[in-house]
Amino acid sequence: MGRKLSPEEQPWCIDKVSGKVLINKGVENVCIDKSTICFIDGFNSKLYYRGYSIEDLAQNSTYEEVVYLLLYDKLPTKRELTDFSGWMREERDIPREVDELLCRIPVDVEPMEVLRTAVSYLGNLDPGRYDTSREGMFRKTIRLVAKMPTIIAHWYRIRSRQDVICPDPRLNHAENFLYMMHGTKPDQLSARAMDVSYILLAEHEMNASAFTALVIASTLSDYYSAIVGAIGALRGPLHGYANVAAMRQFEEIGSPENVEKWFKENILTGKKRVMGAGHRVYKTYDPRAKIFREYARQFAEKTGGKVKDYYEIARRLEELVMSQLCETRNICTNVDFWSGIVYHAMGIPIDLYCTLFAASRTIGWSAHILEYIADNRIIRPRLYYDGEVDREYIPIENR
Ligand code: CMC
């Protein structure tokens, strides 16, 4: 028999005010650093990038401008934006070796896992991979932000046995992505909705994937390892993959008439969670969901058919969530509830949705890495030890 440690023997776990063991399960409400990148006011449905509200950015900005803003902490002049967008356009092509790698991956592999592999390989092929100067880090960031949509579109075409489409430098970031997916220039609504999607998902403070990136970067590991780790964290259904899970949930419900029954049987009984609802920080409606919901409505009206069905299912389910979970338990619908319907309307297969999230978020991860390593300290939390110590070691023949 060993003996249990007392809390006094682990004083770092004791709250100085209450004198009790304090465990922040899930690192809830722990501030790990100061930052000027993003602020979420989860009680008033507000989100700011570098001080600019998400509504203003979604209404007036472009993804290229938001990437600039997040990196340089200021809005660009016209000239600066033209030069910066030009830089992003020049970086869109991916090396032939990455396409060859994509051709060797089994077609049924989850797209987030494909993206993880491709980004890792892209890092191996970057001649400046060990350049840790600030300029070198900016260059790697632009390289990856620009190439990520090309990897996703090429994977989509390779697995569906279609020729890959090279980036078109005449198109902006969002238009070019849809062009590389489908081979035609997108209509106005799709082009703008995709641009807004990139903006809305670009950054979101210290979420699980950004934290993962910082944990890795804080050991002075390399940039690509940090991003690959972040992709791994985003891939879970409690985080970015919730946009895939939300659409699968709408598919499972099947029709607007089934919503109420499904909700009673699965949510009110506690069998399942509503995917695309609840948030660690938002205790009211997610402001990004509101913007996506409006695009989903426009697509449902314009396209009809399956998009309209999904929209109607989502609308009815949201009503139940807002009246039965949000009012009483602060579980409200979030960004991942609505984004998938918008992607579906643009002809993007459901299993790719989380990769779109990753492509947008790479700039947010990168901005956090840059900010954190400028004044680095290794991230090293503790656990409260609840096991025994001084257990007697019994030789194997006597056990
Ligand atoms: N549906 C039903 N109940 C829920 C939900 C939900 N979506 N989310 C939380 N709850 C309940 C949960 O069962 C728990 O109940 P109880 O106290 O009775 O055990 C309570 O609310 C607290 O849940 P929690 O897991 O401790 O909350 P958290 O802050 O740790 O988790 C979350 C946040 C986002 C992981 C969670 O709300 C969830 O699982 N949501 C569904 C997945 C999802 O939509 N994720 C996307 C988040 S937004 C975009 C992103 O960051 O990627």
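1. Basis. Local features need pLDDT of at least 70 in this predicted model, side-chain atom pairs count only at pLDDT 80 or more, and totals for chains, interfaces and linings use all residues. Numbering starts from 1 along each chain as its sequence is written, and side-chain values use heavy atoms, with hydrogens and water left out.

2. Ligand shell. There are 18 residues around the ligand (a heavy atom within 4 Å of it). His-239, Arg-273, Val-274, Ala-277 and Arg-280 come nearest. By class, the shell holds 8 nonpolar, 6 polar and 4 charged residues. Here Ala, Val, Leu, Ile, Met, Phe, Trp, Tyr, Cys and Pro are nonpolar, Asp, Glu, Lys and Arg are charged, and the others, Gly among them, are polar.

3. Ligand oxygens. An oxygen atom of the ligand lies 2.7 Å from a side-chain N or O atom of His-239. The protein covers 68% of the 930 Å² of accessible area that the ligand has on its own (Shrake-Rupley method, 1.4 Å probe).

4. Second largest pocket. Its volume is about 660 Å³ (the space filled by probe spheres set on the grid points, which are joined across faces, edges and corners). A pocket is an open set of points on a 1 Å grid over the protein atoms alone, with protein on both sides within 12 Å along at least five of seven lines; lining residues have an atom within 4 Å of a point. Of the 21 lining residues, Asn-24, Val-27, Val-30, Pro-381 and Arg-382 are closest to the centre. The lining divides into 16 nonpolar, 1 polar and 4 charged.

5. Cavities. The count is 2 cavities of 30 Å³ or more (grid points where a 1.4 Å probe fits but cannot get out).

6. Sheet. Three strands form an open sheet in the order β2-β3-β4, with antiparallel pairing (strands are DSSP E runs of at least two residues, helices H or I runs of at least four; pairing needs at least two bridges). β2 (38-41) and β4 (52-53) are at the edges with a single partner strand each, so one side of each has no neighbour in the sheet. Tyr-49 has Tyr-52 in β4 as its bridge partner.

Technical notes
A polar contact is a pair of N or O atoms within 3.5 Å; within protein, one must be able to donate a hydrogen and the other to accept it, and residues adjacent in sequence count only if both atoms are side-chain atoms.
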